[in-house]
Amino acid sequence: MLRYVVNRVLLAIPTLIGVAVVTFFMLRVVPGDIVEIKLRGDGGNVSREVIEQERERLGLNKPLVIQFVDWMKGLVTLDLGRSMWTGNPVSEEIGSRLELSLQVAVMAAVIAVLIAIPLGTLSALYRDTAVDYVIRIVTIAGLAVPSFWLGMLIILGLLWAFNWLPPLTYTPFYVDPIANLSQLIWPALAVGYRYSAVVARMVRSSIVEVMREDYIRTARAKGVFERLVVARHAMKNAMLPAITVIGLEFAFLIGGLVVTEQVFNLNGIGRLFVQAVSRNDFMLIQSLVMLIAVVFILVNLVVDLLYAALDPRIRYR
Amino acid sequence: MAATTTGSTLPSRERSALLRFVVEQPLGAAAFVVILVMALAAAFADWIVPYDPEAIDFSAMLAAPSPAHPFGTDAFGRDILTRIIYGARTALSIGLLSSLLGCAAGAVIGVASAYFGGRTDLVVQRFVDILLSFPIIVLALVVVAMLGRRLVLGIDVNLIVAIAIPIVPKVARVIRSAALSIREMPYIDAARAAGYSHARIIFRHMCPNVVAPFLIMLTAFIAQAILLEASLSFLGLGVSEPKPAWGLMLAGNASDFYREAPWMVIFPGLAISLAVFAFNLLGDSLRDWLDPKFRT
């Protein structure tokens with residue numbers, strides 16, 4: 001097991017470096033000059049010297065490779081340079097918003113999994129009955145409804161039912177849990193719906209598959225209660241593919257957050273990213289993209305390790 | 001597209017294929033009808049819609065749904081039904097073009113990667129791995145930041161590219177695995193022995209044989225592309241005012257009028273969901289129908 005863990009962790013490193021290279025150079029093959037776009041964007045006339053000064057200040061006059069090495073050194077020491085727009089350190093801009101986004105993402109994931117596993121199981125066990133059809137329609141709709149629109153509908157519903165809007169200012173959970181949850185539970189629900197739909201579909205199809213296995217017939221034949229057959233024999237094996245999807249979809253969750261934070265006026269990572277893109281703030285964009293990719297790769301790593309822990313066949317391969 | 005109405009003029013083999021699809025996949029056929037209605041409405045919008053989508057009418061600001069304005073009006077007094085129908089034009093054209101572009105590029109890369117194999121394959125697949133570790137909207141936003149806007153014939157070409165790029169690695173991955181088995185076929189050896197160029201073998205001999213997975217993914221990614229276009233427009237980084245687009249209709253001042261004009265929020269979102277739902281369903285049915293392997 002230890003060898004598998006070490007191997008898997010080492011394999012993540014080249015991917016991370018690859019992501020850094022692609023992110024960095026993708027943003028720099030742009031035709032045109034970032035500083036000129038920033039300073040002359042509004043059609044204003046700016047002298048050559050001012051542009052040169054700004055380039056010098058941002059370190060854009062150095063060769064690309066040196067810039068990349070500087071950025072890499074920064075990444076390791078968590079010194080990500082300064083935002084090209086506000087001038088604040090990038091790590092500060094990100095750090096002050098990370099907590100909120102992370103909380104929404106984790107809440108959405110928990111909600112989604114708590115809903116998806118029972119729904120998927122029910123759907124599989126009552127296959128081709130009314131229960132199954134209702135659940136399948138709900139889950140297929142989950143793939144079609146944009147999470148930001150669902151967020152708007154939630155706000156409309158809250159207004160209509162309680163004439164109440166979620167608070168707009170963020171309160172950390174440890175300061176006031178109730179104020180915190182009453183603000184963040186709604187975006188978590190909005191992005192969690194799609195997530196739970198995808199997971200529920202996976203749970204359903206993998207339970208349907210497992211229930212056809214020989215060992216299920218054996219368990220039934222030796223007189224195990226149906227409830228135990230499902231809970232002990234089927235669920236355990238059906239959860240493996242579900243775990244993969246839960247991990248993969250976590251990345252989509254971050255994507256959903258980018259848009260949904262806008263709906264709920266949440267000042268999180270997603271909103272920061274959208275602002276950075278609309279202001280061409282490349283320093284900020286590259287660090288945010290890197291952060292998102294790192295989260296994705298880490299989640300994948302955890303999934304793989306979990307998989308190995310749950311399924312002995314994988315670590316002996 | 002016109003196959004449903006002029007069935008009698010088709011050769012009998014094709015007609016029976018269409019009939020079989022309708023009989024075996026009734027849900028898929030229903031989805032196809034929904035898409036057809038949307039496409040026709042978008043194409044003939046100029047004739048079926050009583051209002052100008054960009055005409056501002058301050059005497060009808062925020063009007064509730066009524067016979068004159070079935071879906072109400074927005075903060076500029078523009079008819080919402082009209083803008084939804086014209087929005088279908090934006091959504092379907094951008095959705096189709098970007099899905100087509102992304103799938104075509106992905107298919108060629110996937111087939112070429114499988115055909116050349118070896119080191120080329122390894123490098124291409126690592127690159128695909130890297131692109132796959134970004135959520136699609138993040139990748140699209142980076143491309144938007146890179147390219148900015150460029151309008152050609154009223155369509156933002158760079159927006160289409162931005163939506164197409166996240167599709168490429170996903171398609172390349174799937175098509176590559178389909179093409180790997182084709183590479184081993186005797187007719188590929190024969191083509192090589194005949195001295196054909198790599199390009200000719202890839203385009204003439206291998207690409208035609210991955211058409212089934214290509215079509216399935218093309219349909220499914222139209223749904224993704226429509227969703228992505230709506231999200232980008234919602235963020236103010238996609239289609240820009242006054243052009244009607246569903247995501248754009250939800251952006252900006254729609255959220256200022258939650259109390260006064262909830263129809264501004266409800267109907268455009270329904271349009272997005274319906275279109276995405278229909279393309280997803282059609283894609284699923286096509287997959288079940290074209291590829292017996294996936295049948296459950």
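R201(A) and D284(B) form a salt bridge through their side chains, with N and O 3.6 Å apart. The rule finds one salt bridge across the interface of chain A and chain B. The model is predicted. The points below cover the interface and then one residue inside chain B.

**Interface of chain A and chain B**

- One residue pair in polar contact, with both residues at pLDDT 80 or more, is found across the interface of chain A and chain B.
- On the side of chain A that touches chain B, the elements giving two or more residues are α1 (2–26), α6 (130–144), α7 (147–162), α10 (226–263), α11 (269–278) and α12 (282–310) of chain A.
- That side of chain A is made up of 35 nonpolar residues, eight polar residues and one charged residue.
- Chain A brings 44 residues to the contact, and chain B brings 38 residues.
- About 3600 Å² is buried between chain A and chain B, and carbon and sulfur atoms give 81% of this area.

**S98(B) within chain B**

- S98(B) is placed in helix α4 of chain B, which covers residues 80–116.
- The relative accessible area of S98(B) is 0%, so S98(B) counts as buried, the cut-off being under 20%.
- A polar atom of the S98(B) side chain lies 2.5 Å from the backbone oxygen of I94(B).
- Leaving aside residues up to four places away in sequence, S98(B) touches I160(B), I163(B), A164(B), I167(B) and A225(B).

How values were computed: Residues are numbered from 1 along each chain as its sequence is written. Chains are lettered from A and ligands numbered from 1 in the order in which they are written. This is a predicted model: local features need pLDDT of at least 70, side-chain atom pairs count only at pLDDT 80 or more; totals for chains, interfaces and linings use all residues. Side-chain values use heavy atoms; hydrogens and water are left out. Contact means heavy atoms within 4.5 Å. Buried area is the accessible area (1.4 Å probe) that two parts lose on being put together, summed over both. A salt bridge is a side-chain nitrogen of Lys or Arg within 4 Å of a carboxyl oxygen of Asp or Glu. A polar contact is a pair of N or O atoms within 3.5 Å; within protein, one must be able to donate a hydrogen and the other to accept it, and residues adjacent in sequence count only if both atoms are side-chain atoms. Helices (H or I, at least four residues) and strands (E, at least two) are DSSP runs, numbered from the N terminus. Ala, Val, Leu, Ile, Met, Phe, Trp, Tyr, Cys and Pro count as nonpolar, Asp, Glu, Lys and Arg as charged, and the others, Gly among them, as polar. Buried means under 20% relative accessible area, exposed over 50%, partly exposed in between (1.4 Å probe, protein chains only).
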